[in-house]
Amino acid sequence: MPHASTIVTCNGPDCPNAFDIVPLQPRNGTLDAVCPVCKGHGQWNNEIDLVSFRCKRTICDHCHGAGWVETGDDPVLLPDIEMTAGGYPKWTTRFAPKGEVAAPAPDQARLILP
Ligand SMILES: [Zn+2]
């Protein structure tokens, strides 16, 4: 059965509905400043239905979803995926020097893109 919907598409974090119902990320204690791109949310809506509030979101490339960024030279904790001995992927975290923190090119990402 169809339901009422008002779907809004957002082109990026500057759109008026980009941060609707997206919570601010708590500061984890090691990062220094609110991310200038996502304003501390870590992600934004690609698409949101203003009736049901169902949404599709994009993770911020600048802070990798943390909502906070490092301004000094401390290493940055990143989410990552590694393969277990049993052949299954497993979520993990790793430290990377600030200079090495960059979004991987889609063809170098470990996950298969649609
Ligand atoms: Zn961000």
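Two strands pair if DSSP finds at least two bridges between them. Strands are DSSP runs of E, at least two residues long, numbered from the N terminus.

This is a predicted model: local features need pLDDT of at least 70, side-chain atom pairs count only at pLDDT 80 or more, and totals for chains, interfaces and linings use all residues. Residues are numbered from 1 along each chain as its sequence is written.

Val 8 has Ile 48 in E3 as its bridge partner. E1 and E3 pair in the antiparallel sense over 3 bridges. They belong to an open sheet of 3 strands, ordered E1-E3-E4, with antiparallel pairing. E1 and E4 stand at the edges with a single partner strand each, so one side of each lacks a neighbour in the sheet. Neighbouring strands are turned by 30 degrees against each other on average, direction ignored; the axes are lines fitted to C-alpha atoms.

| Strand | Residues |
|---|---|
| E1 | 7-9 |
| E3 | 43-49 |
| E4 | 55-59 |

The chain has 7 strands and 0 helices.

Buried residues make up 20% of the 114 residues. Buried means that 20 or more other C-beta atoms, placed from the backbone, lie within 10 Å of the residue's own. The largest nonpolar core has 12 residues, among them Cys 10, Trp 44, Ala 66 and Trp 68. Such a core is a set of buried Ala, Val, Leu, Ile, Met, Phe, Trp, Tyr and Cys residues joined through C-beta atoms within 7 Å.

Ala 66 touches Gln 25, Asn 28, Leu 31 and Gly 42, not counting residues up to four places away in sequence. Contact means C-beta atoms, placed from the backbone, within 7 Å.

Technical notes: Helix = DSSP H or I, 4+ residues; strand = E, 2+ residues; numbered from the N terminus. Axes fitted to C-alpha atoms, helices over the stretch in contact; angles between N-to-C directions. Contact = placed C-beta atoms within 7 Å.
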